[in-house]
Each structure stands twice: as C-alpha cells, then as structure tokens.
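Here are a few notes from my read-through of this one.

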Amino acid sequence: MSYCRQEGKDRIIFVTKEDHETPSSAELVADDPNDPYEEHGLILPNGDINWNCPCLGGMASGPCGEQFKSAFSCFHYSKEEIKGSDCIDQFRAMQECMQKYPDLYPQDEEEEEEAKPPEQVEETAAAKASAAKEQGSSS
C-alpha cells in the first residue's frame, strides 16, 4: 500500500510494486488554445512580454526579478535611436542587485576583468600571456 510523508517543504510518496502494476488513472488536461502564455515565446501576440517564458531562465522571478523586469521592459519598449540607451539606470540597478547574489548570478571572466581596476587587469593579462608563452614553448 502506498503512503505519503512530509519532510520540510517536500512531500515524499512511496508506492508499492502493486501500485505500479495497475494502469494509471491520471487524466491529461487538454491545452487551452486561448492561453495567452502558452507557446508564444518571449513576446505575446499583443506585444507584451511573456514573463513566464522559459527562455528567461527564471530571471523574472529571482531575488532581482523586479530589477530585471524593469530593465527588460524599458529596453523592449524603448523608442530611442539607440534602443535601450534610455534604460541605463534600470540596468545599473539590476547589475547592482545581481552583484549582491554572486552564487545565483556568477559573472563571466570578461565581466570580472571589466570590474577590476586597470592595474589588476594588466597584471592578469600579463600572467595569462606568460603562461601561454610557456605552454607554447614546451609543446
């Protein structure tokens, strides 16, 4: 006989071999063709942003979700000649928020280099060049 138990936020369901031998009684729910969030990608037919799109990778719902939405909305609706040039403050706020959560929003190496003072960037570049030179001569 199957049973269930709760561990914190998780619900664990145990089933027996007999439970698996009987056909499933689950019913599939047909997709709603009028669901505005279903299969439309990032931009909905009416031009709005689909914040539920998996292509956003959860950015709209993370700890910096509001800052992300603000910056992305500003860019999407921007009418400036250089699209998004009027959104610098929103993107700066989003970046500042993301820097508070380095485990969730890791920076790639190029961004890390840009964030370092120029002296450190030069030292890092020199060290990489030296290592590449040594590797090339030992091959």
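Which residues make up the largest nonpolar core?

1. Ground rules: this is a predicted model, where local features need pLDDT of at least 70, side-chain atom pairs count only at pLDDT 80 or more, and totals for chains, interfaces and linings use all residues. Numbering runs from 1 along each chain as its sequence is written, and side-chain values use heavy atoms, with hydrogens and water left out.

2. The core: Leu56, Ala60, Cys64, Phe68, Ala71, Met94, Cys97, Met98 and Tyr105 form it, 9 residues in all. (A nonpolar core is a set of buried Ala, Val, Leu, Ile, Met, Phe, Trp, Tyr and Cys residues joined through side-chain atoms within 4.5 Å; buried means under 20% relative accessible area, exposed over 50%, partly exposed in between, with a 1.4 Å probe and protein chains only.) Two or more residues each come from α2 (65-77) and α3 (88-99), with α3 giving the largest share, 3 residues. Helices here are DSSP runs of H or I, at least four residues, numbered from the N terminus.

3. Helix α2: Gly65, Phe68, Ala71 and Cys74 are its buried residues, and they pack against α3.

4. Cysteine 97: leaving aside neighbours within four places in sequence, this residue is in contact (heavy atoms within 4.5 Å) with Pro63, Cys64 and Gln67.

5. Salt bridges: the whole structure has 3 (a side-chain nitrogen of Lys or Arg within 4 Å of a carboxyl oxygen of Asp or Glu). One of them joins arginine 92 and aspartate 89 at 3.5 Å, N to O; being 3 residues apart in α3, the two are separated by about one helical turn.
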